[in-house]
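Trainee: Hi! Could you walk me through this one while I have it open?
Mentor: Happy to, let's take a look together.

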Amino acid sequence: MAIIKPNNNTISAITSLPNSLKSMDRLATTAVSSDVASVTFDVNHNNDSTFNNYSHYIIYMANLLGDGSSGDWRFRIGVSSSSDIKTSSYMRNIYGYKPNSGSTLLDQASTSSDNIKMALNSDLDSDSRPMFGEVHFYKKGNVGSSYKPAVYGEFYSENTGGYFQRWHFHGSYETSVDINYVQISPSTGNIAKGEFTLIGVRNS
């Protein structure tokens, strides 16, 4: 006997959820187990129109490990192809709390940057210090042709001194374009391990 019957169907007969339940979808995921310079997601998905049904996107990052000693985590966008990753014209800000004997509140900003920084001075290659976070962005703005793409998020990491840091970051790309690709990379070395998941939040 079936106990739950959404849309008057038994569980075994359900092939899709009603629209009222379609709020977030997992669009893509990748697990890194050996060195790669970066992770890139194809948000446009080869001009798949279903990818336009989302108001914004979230990337969750977990169990990160690099092979460089100390560096930053970076976010960039691409437009025409996965090789067209933009390396200029970003405006960004990042700040975080670091409880040690020096400065406890760290911040860094730029109105002309080559990336949007998600974390600063992280101990990238330590296999005992956790690194994870999330980044939110939208593919394109619906309020006008001059609307710029922007991102924000949170990231947790520890520095080489063992002090933990919780970073808040945000920024924009200073030209009105659709985000078709997104890239995550460390500022030094490679990504040795990590789990990355792209989520879409539905418009309808």
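Mentor: One term before we start: two strands pair if DSSP finds at least two bridges between them. Also keep in mind that this is a predicted model.
Trainee: What about S5 and S6, how many bridges join them?
Mentor: Seven, and that pairing is antiparallel too. As an example, Ile94 has Gln108 in S6 as its bridge partner.
Trainee: Which residues of S5 are on the covered face, and which on the uncovered one?
Mentor: Tyr90, Arg92, Ile94 and Gly96 make up the covered face, while Met91, Asn93, Tyr95 and Tyr97 are on the uncovered face. In a regular strand, side chains alternate between the two faces of the sheet.
Trainee: Nice. Zooming out, in what order do the strands of the sheet come?
Mentor: The order is S1-S12-S3-S8-S9-S10-S5-S6, eight strands in an open, antiparallel sheet. Strand S1 (24-32) and strand S6 (105-113) are the edge strands, each pairing on one side only. From one strand to the next, the twist averages 15 degrees.
Trainee: Which aromatic cluster does Tyr54 belong to?
Mentor: Tyr54 forms one cluster together with Tyr57, Phe75 and Phe137.
Trainee: How many aromatic pairs does the count give?
Mentor: Eight aromatic pairs. One of them is Phe132 with Tyr156, whose ring centres are 5.5 Å apart; their planes are at 25 degrees, so the pair is stacked.
Trainee: Why does 25 degrees count as stacked?
Mentor: Because planes under 30 degrees apart count as stacked.
Trainee: Where do those two residues lie?
Mentor: Phe132 is in strand S8 (residues 132-137) and Tyr156 in strand S9 (residues 150-158), so the pair ties together parts that are 24 residues apart in sequence.
Trainee: Last one: how does Phe132 count by relative accessibility?
Mentor: Phe132 is partly exposed, at 43% relative accessibility. Tyr156 is partly exposed as well, with a relative accessible area of 21%.

Conventions:
Residues are numbered from 1 along each chain as its sequence is written. This is a predicted model: local features need pLDDT of at least 70, side-chain atom pairs count only at pLDDT 80 or more; totals for chains, interfaces and linings use all residues. Side-chain values use heavy atoms; hydrogens and water are left out. Helices (H or I, at least four residues) and strands (E, at least two) are DSSP runs, numbered from the N terminus. Axes are lines fitted to C-alpha atoms, for helices over the stretch in contact, and angles run from 0 to 180 degrees between N-to-C directions. Buried means under 20% relative accessible area, exposed over 50%, partly exposed in between (1.4 Å probe, protein chains only). Rings of Phe, Tyr and Trp (its six-membered ring) pair if their centres lie within 6.5 Å; planes under 30 degrees apart count as stacked, over 60 as edge-to-face and the rest as tilted.
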